[in-house]
Amino acid sequence: MSGHEIVNVSRTAPAAPPSERMLDHGAYMWERNKRRLLILSIGLTLAITLFSVRGIVEGVVGLITSVPSLAFTLLYAAFFMIVQFGALMWFLARPRQYTVTPDSPQIGLSFDSYRGQPDLLEHARSTVRILRGIAKFREMGGEPPRGMLLSGAPGTGKSYLAGIIAAEANVPFIYIDASGLSSMWMGMDALMVMSLFGRARKLARKYAKPGDPGACILFMDELDSIGMARGGVQGGQIQGGMGAAGLMGGMRMGLNTMLNQMDSLGQLVEDRMWHKLGRWVGIIRGPVPPKPVVFVIGATNRPDVLDPALVRPGRLDRKLQVYPPDGEGRRDIIEFYLAKKAHDPAINLDLLVADSVGWTPVEIKTIINEALIIAHDQSRDQLTYRDWLAARDMRQLGLKQPISKMTVSDKRALAYHEAGHAVVAHYVRAEHRILKASIIRMGDALGVVQRADKEERYTRQASEIEADIMISLGSRAREKAEAVHAVASALVERQELIGEELDEIYAMAEEAHPELKTEFVRKPIVLPKPFDEASWKKTETVTIPEAIAAAAPPHVKKEKRRAR
């Protein structure tokens, strides 16, 4: 083979002419159905031999004449069974689902509607690009993802993000509350899940582009209601005694069915009834074409309780943790919602951003709307920062309910109590800002001092924890008494002071009493010890009997010899 080079050239076989393809397909159908035709021929021959042609014809005619009465009887029995069981089961166990199709858009959302989480938005754009071009992605050798898990605290925007993906992908979208897939009837949850996925595949095929298998988004809210981990205390998927007629008590079959629908060998075989019949006869042959993608989006705030098989790769493997937005995200959200409301143009956005540390987008939206309600109730045309504060307090603390008749001594004691907290917080936690000090009853509190970090914080130090303890115990101020008097007097007079007003009071108090400007120094308190620690820390030597020492393991004896 020296001096020669072997070249392997692969060539595509030319397509056979139509006549040869028809003959080949006819031969395939004959081979597939010749046994069935033989059995049918034998059956007809035996029938003719035993009953003769006349008997067979009379039997067929008699059957045809009795069909109406037989059909009526069967329909009546079926109707009775459906009314007795089917209708009742459907009424009690039907899932609440909502369908949106590309030719009937109902979700007026877009990528521009989602604010405060740019990283999540980019991930959503990637998912939409794949769902819009399933065929092209498969030509590149990719396998479309089957699901996404959105987890996070309530109100972070999980359902909102799913709605945006549905609106932008321009594919059929089915929304369902996962709790609606649980049924008191045994097996109904499995039937509902199979029907749900079947409907999703049907819609995907209906609205698929030419040459594209199509896709449908199936959004399950509160996924933990059906996807909770199997096993544990309940001991598996089906647990509980059977009820009347053996129909009640079955649970958790829907999860197994959903796992099978999302990823199993069922993805490789035909699922359409007419196509199954065509393959049985032999009219349709060859591998099953790619099925539509049913992209499942599950939302939950309890991802830790989900079944491991549900979140494994190949199912809900795209996990997105939706966190409360950071400072820049909150600013974007506040500007977006504030632009839709009549508000004071001079409102300080920096204060709104600082006040809302840790808030979710829904909380920000709700409080802005609540602030507008307060302005409207007071016959004003736009909301102000004070309305924002009042709405925040109403949502977090409760409705303001001032005590109309309070003795002077009670009001003075309450004012000094809150002033002590406010002064300690001002001088001990300089990295905090005081939002409000109030002696107006709100919710369960007669008075309150609200404070927040000036900047985003994600960790806490020991000194900060100590300072918080000092603030909690600081209803009376271990110095800074003049500042306490000043704040308490202002509280008795105005009953409520916001951050800027408190800063002015501190400035005036420090101008009148320069000693208040000195930095606060922690003075640790050394408490007397109730007993001498050294006495109980001493180790006493106890003699071990020889019999016990002889029975000790070899390594213990070795250690004793080393000690000697």
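Select Gln 495 first: with a relative accessible area of 28%, Gln 495 is partly exposed. Here buried means under 20% relative accessible area, exposed means over 50%, and partly exposed lies in between (1.4 Å probe, protein chains only). Gln 495 sits in the loop between helix 15 and strand 9 (496–498). Helices (H or I, at least four residues) and strands (E, at least two) are DSSP runs, numbered from the N terminus. Phi of Gln 495 is near 70°, a positive value in a residue other than glycine. Most residues other than glycine have a negative phi.

The model is predicted: local features need pLDDT of at least 70, and side-chain atom pairs count only at pLDDT 80 or more, whereas totals for chains, interfaces and linings use all residues. Residues are numbered from 1 along each chain as its sequence is written, and side-chain values use heavy atoms, with hydrogens and water left out.

Glu 222 counts as partly exposed because its relative accessibility is 36%.

Now display the six strands that form an open sheet with mixed pairing, in the order 1-3-4-5-2-6. Two strands pair if DSSP finds at least two bridges between them. Strand 1 (97–100) and strand 6 (318–322) are the edge strands, each pairing on one side only. Direction ignored, neighbouring strands of this sheet are turned by 15° against each other on average.

Within the sheet, select strand 2 (residues 147–152) and strand 5 (residues 293–300), which pair in the parallel sense over five bridges. Which residue of strand 5 does Gly 147 stand opposite? The residue is Val 296. Contact means heavy atoms within 4.5 Å. Axes are lines fitted to C-alpha atoms, for helices over the stretch in contact, and angles run from 0 to 180 degrees between N-to-C directions.

**Helices 13 and 15**

Select helix 13 (residues 408–428) and helix 15 (residues 481–494), whose axes come within 8 Å and cross at roughly 130°. The two helices are therefore oblique to each other; angles under 35 degrees count as roughly parallel, over 145 as roughly antiparallel, 65 to 115 as roughly perpendicular and the rest as oblique. Residues in the contact include Ala 415 and Tyr 416 of helix 13, and Val 484 and Leu 491 of helix 15.

**Helices 11 and 12**

Continue to helix 11 (residues 361–377) and helix 12 (residues 385–396), whose axes come within 8 Å and cross at roughly 115°. Among the contact residues are Ile 367 and Ile 374 of helix 11, together with Trp 388 and Arg 392 of helix 12.

Finish at Arg 392 in helix 12. Is Arg 392 buried or exposed? Arg 392 is buried, with a relative accessible area of 1%. Not counting residues up to four places away in sequence, Arg 392 touches Asp 355, Trp 359, Ile 367, Leu 397, Leu 435, Lys 436 and Gln 450.
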